[in-house]
There are 2 protein chains.
Amino acid sequence: MSASSSPLAEFVVGVDNVIFSVDTDQNRLLVLLVRRQQFPFAGYWSLPGTLVRQGESLEAAAYRTLAEKIRVNNLYLEQLYTFDEPAGERRETPRRYLSVSYFALVRFADAELIAAAESPVQWFALNACPDLAFDHSKILAYGHRRLCNKLEYSPVAFDVLPEYFTLNDLYQFYSAVLGANFADYSNFRSRLLKLGILQDTQQKVIRGAGRPATLYRFNREAFAPLKDKPLVFV
Amino acid sequence: MSASSSPLAEFVVGVDNVIFSVDTDQNRLLVLLVRRQQFPFAGYWSLPGTLVRQGESLEAAAYRTLAEKIRVNNLYLEQLYTFDEPAGERRETPRRYLSVSYFALVRFADAELIAAAESPVQWFALNACPDLAFDHSKILAYGHRRLCNKLEYSPVAFDVLPEYFTLNDLYQFYSAVLGANFADYSNFRSRLLKLGILQDTQQKVIRGAGRPATLYRFNREAFAPLKDKPLVFV
DNA sequence: ACAAAAGTGTTCCAGGTACACCCATGG
DNA sequence: CCATGGGTGTACCTGGAACACTTTTGT
């Protein structure tokens, strides 16, 4: 804010998105990557990103990047972290680069990838992810931690599940993200039901053998008073 | 990353610090503010901030701002959030401004304010804080939430308490930040002691009337294995 | 002797864990 | 009638909340 003794840096600001989705059928946590075509790191996979344009907010840039790669109706998005270029790699000419990363969770069912010949885009299972360009592996790891926390303390899952879901869908969702090392199914059931935020539509759904499952939906009104209370979903 | 159809924004990047400290004697949570002298918001108090210089990392800029205002040996610092200028207030000429905020906690005992005639700097009790310049009140609120969370899930308190402290010091510290509406003293005691991360130096200290208190110190070795386990301090 | 501060112990209860078990459907 | 997945119930245990009580100092 003060007149400085040494010259100010001029920045170009980029936005990089960590876009997660969960394939509940296959019980896999997915991340969206694009294949770079240009120098540097040509041929490497990287997080979808863009540079911020004049008059465009950071968040708008994040949404634009997302919209260029997939068509999706239901998603959750929040800012993740701002990464400096490491001092070593920093090329001060002509302008310095700053990456503001965003974290998104999208509904898998209606996420439709926009295939472009020049920039292939693809879901990767998180545990079968290649080395990424730049410091994107670091950003991805950071995003994964955030995802786990979000899931435990806030109802993001419901932004991204189908409107009507079974308790088993919900359980699959959680275990895909958190890695199967959490509460067993029946305890998960009772905890969720006791919260009183799931509405029992009397409908049943049959999937192969076994007893039909009840369809539930998330009850936003019932959840509202619990917002930012310290409640735990797993 | 792609050649864009509309021109890129050029940024100047600033760093704004939310610097907290705790006066355990008076049981007050403090935040460091500076009084602005220039337009805009002349006369208002604001968070200490600076513009990022060429070749200077974000974090380095945060440390520099801190060092310009106070001399302190023990502190904790981490990035908080990156704030866009709201679309309304955004003046596109000549360059757009981006604020990366940092969050710091410093040891009160050895924090020595650097008084400069041109820019007064002062501790404010958080609950007696004036309206701040720009959107700094919003940033401050965000920082306070982060502080509360950090305190509950990580041992930042020990970065900032004196090396030797009584359990009551620790309790005062927590209640100054979290606002006295948490566990009572004796439960706090037993929980902390049971964690096994406090080392009982056999020394006692007498402060006025009452039974002498045991001095403890934080045992980093004992804590290491518990790192990033989900453990709760309050 | 009494107040003040440190420190210990006890009782009660909510909520998590780990199971065993019952229910409804397809093959 | 059995395998499969959905759903319920129970017994056990940990850990927090509240609070009574003891210990050691100053005045």
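Predicted model: local features only at pLDDT ≥ 70, side-chain atom pairs only at ≥ 80, totals over all residues.

Trainee: Which domains does the assignment give for chain A?
Mentor: Domain bounds come from an automatic or database domain assignment. For chain A it gives domain 1 (9–153) and domain 2 (157–226), and the C-alpha centres of these two domains lie 29 Å apart.

Trainee: How many residues of domain 1 of chain A are in contact with domain 2 of chain A?
Mentor: Contact means heavy atoms within 4.5 Å. By that rule, 16 residues of domain 1 of chain A touch 14 residues of domain 2 of chain A.

Trainee: What area do domain 1 and domain 2 of chain A bury between them?
Mentor: Buried area is the accessible area (1.4 Å probe) that two parts lose on being put together, summed over both. Here the two domains of chain A bury about 1,200 Å², 67% of it on carbon and sulfur atoms. A:Thr24, A:Arg107 and A:Leu151 supply 44% of the area that domain 1 of chain A buries against domain 2 of chain A, more than any other three residues.

Trainee: Which residues are the closest to DNA strand C?
Mentor: A residue is near a strand if one of its heavy atoms lies within 4 Å of it. DNA strand C is surrounded by 19 residues, and the closest are A:Ser186, A:Asn187, A:Arg211, B:Arg189 and B:Thr214. Of the atoms of DNA strand C within 4 Å of the protein, 61% belong to sugar or phosphate and the rest to bases.

Trainee: Which part of DNA strand C lies 2.8 Å from a polar side-chain atom of A:Asn187?
Mentor: That part is a base nitrogen of DNA strand C. For B:Arg189, an N or O atom in the side chain is 2.9 Å from a phosphate oxygen of DNA strand C, whereas a polar backbone atom of B:Pro212 is 3.4 Å from a sugar or linking oxygen of DNA strand C.

Key:
Residues numbered from 1 in each chain as written. Chains lettered and ligands numbered in written order. Heavy atoms only, no water. Polar contact = N/O pair within 3.5 Å; in protein donor to acceptor, adjacent residues only side chain to side chain.
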